[in-house]
Amino acid sequence: MTVRLEPEEEAILAGAEGPAARKALEIVLTLGRIYGAERLVPVASVQVAGVSYRNLGDAGLEFLRDWAEQGARVRVPTTLNPAGMDLDAWGEMGIPEAFARRQGEVIAAYVRMGIAPTCTCTPYLVGNVPAYGEHIAWSESSAVCYANAVLGARTNREGGPSALAAAVCGRTAAYGLHLEEGRRATHRIRVTCPVREPWEYAALGFWVGGRVGGGVPYFEGLDLPPVTAASVAGEPALSSPTHDALKLMGAALASSGAVGLYHVAGCTPEARIRNDLLPPGVQEVVVDSLEPAVAALNASVETIDLVVIGCPHASLGEVRAVAERLRGRRLAADLWLTVARGVRERAVAEGLVETIEAAGGRVVADGCVVVAPMRDLPYRTLATNSAKMASYALPHAGLRVRFGPLEACIEAGIRGRWETVVH
Ligand code: F3S
């Protein structure tokens with residue numbers, strides 16, 4: 001299959017816009033050939049993974065410096081995935097200085113390429129809200145799920161280098177989730193048990209992701225209101241339980257499986273607009289209990305060292321909920337509430353950070369436990385309401401996990417012990 005190029009793309013390939021743009025386009029084109037794309041499409045925004053120095057190491061840092069040195073500059077709005085620390089308050093987190101220095105050098109290389117040092121897995125909560133049908137190239141898997149499913153934008157699950165290449169040449173290859181046919185369901189998921197709270201949506205996503213792999217699940221039986229254009233932008237999305245539930249479910253689908261898009265009947269925009277999403281004979285999965293998922297996500301630990309809320313990064317509504325439960329109380333365990341820096345600023349203005357810090361908790365901007373140097377810190381166990389965090393914490397951070405409702409996590413932080421949730 002030949003990828004058809006526009007004259008401007010031919011010119012970039014011929015080197016008219018410098019060696020970095022040519023190299024970037026070659027990467028995008030190579031991926032297009034591998035996946036059978038017929039053309040490239042301009043992207044409206046890019047989100048780049050591969051930010052934590054813990055994952056990149058010196059080789060990754062050198063790669064980024066090389067690109068910056070060769071003149072690579074992004075041509076569309078581009079943000080970053082979380083780093084391995086709060087870029088301002090890393091010392092208070094106990095992050096070793098040597099790590100912090102290298103992490104700073106990674107961010108500096110990206111900034112040199114014109115990328116905003118907005119380090120978050122929820123760019124859509126801090127102003128980057130792609131429009132319905134818009135092509136983008138995002139790489140954080142939970143953000144990919146949210147952008148495709150909740151916003152109706154179009155992106156594949158990009159890798160860090162392919163997203164960076166898309167940012168530098170302003171294009172991506174049109175295959176997979178960029179195409180109408182790639183967005184049809186591969187599985188009909190009939191949910192017959194009650195699913196009410198965000199953590200239960202996370203458990204559901206974890207279970208279904210393990211069943212559908214890289215497919216596109218179409219959920220039926222979920223009691224969620226329609227997502228509308230008005231509800232995805234600005235204030236409403238910052239404090240909507242529906243959006244929080246979809247955020248947690250998508251992150252879980254993308255971590256136990258390789259899901260990049262899901263649909264919810266009557267709720268997500270494409271499921272409400274298109275009537276061709278469920279091809280005949282599509283495979284059916286019935287979910288009649290969340291018990292197996294909840295059991296799989298819980299280790300038998302009682303003592304809790306650290307509570308982590310905000311995977312994906314918390315909305316302002318989630319920050320408010322945590323602050324409300326901590327008001328006037330004192331934590332026995334540490335608590336990290338991870339957020340985008342813009343959300344932290346809003347939380348400071350509302351007095352929420354002060355409340356959480358008064359209880360002994362921390363509102364961590366820019367960072368993520370999974371990519372932080374956790375093995376250098378004194379934590380061994382963790383409580384979380386995120387199924388993604390629950391499934392990644394042991395392999396990526398060496399932490400044994402309790403998973404359950406937000407309230408149970410906060411109470412575990414107050415007592416320093418987990419009380420089993422009867423579900
Ligand atoms: Fe975000 Fe880290 Fe969770 S990148 S989705 S907080 S694992």
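The shell around the ligand divides into 6 nonpolar, 2 polar and 2 charged residues. Please keep in mind that the model is predicted. Domain 1 (7-178) and domain 3 (298-415) both give residues to this shell, so the ligand lies between them.

**Ligand site**
- The ligand sits in the largest pocket.
- Around the ligand are Pro82, Cys121, Glu140, Ser142, Gly310, Cys311, Pro312, Cys368, Val370 and Lys388.
- Of the two domains that contribute to the shell, one spans 7-178 and the other 298-415.

**Backbone details**
- Cys311 and Pro312 are joined by a cis peptide bond, with omega at about -5 degrees.
- Both Cys311 and Pro312 also belong to the residues surrounding the ligand.
- Pro312 is found in the loop between strand E10 (306-309) and helix H14 (316-326).
- Asp366 has a phi near 75 degrees, which is a positive value in a residue other than glycine.
- The loop that holds Asp366 runs between E12 and E13.

**The five-stranded sheet**
- An open sheet is built from 5 strands in the order E12-E11-E10-E13-E14, and the pairing is parallel.
- Strand E12 (362-365) and strand E14 (400-403) are the edge strands; each has a single partner strand, so one side of each is left without a neighbour in the sheet.
- From one strand to the next, the twist averages 25 degrees.
- Strand E13 (residues 381-384) is joined to E14 by 4 bridges, and the two run parallel.
- Within this pair, Thr381 stands opposite Arg400 in E14.

**The four-stranded sheet**
- Another open sheet contains 4 strands in the order E8-E7-E6-E9, again with parallel pairing.
- Its edges are strand E8 (263-264) and strand E9 (283-287); each of them pairs with a single partner strand, so one side of each is left without a neighbour in the sheet.
- Strand E6 (residues 187-191) and strand E7 (residues 217-220) run parallel and are joined by 4 bridges.

How values were computed:
Residues are numbered from 1 along each chain as its sequence is written. This is a predicted model: local features need pLDDT of at least 70, side-chain atom pairs count only at pLDDT 80 or more; totals for chains, interfaces and linings use all residues. Side-chain values use heavy atoms; hydrogens and water are left out. A residue is near a molecule or strand if one of its heavy atoms lies within 4 Å of it. On a 1 Å grid over the protein atoms alone, a cavity is a set of points where a 1.4 Å probe fits but cannot get out, and a pocket is an open set with protein on both sides within 12 Å along at least five of seven lines; lining residues have an atom within 4 Å of a point. A molecule sits in a cavity or pocket if more than half of its atoms lie within 2 Å of its grid points. Ala, Val, Leu, Ile, Met, Phe, Trp, Tyr, Cys and Pro count as nonpolar, Asp, Glu, Lys and Arg as charged, and the others, Gly among them, as polar. Domain bounds come from an automatic or database domain assignment. Two strands pair if DSSP finds at least two bridges between them. Axes are lines fitted to C-alpha atoms, for helices over the stretch in contact, and angles run from 0 to 180 degrees between N-to-C directions.
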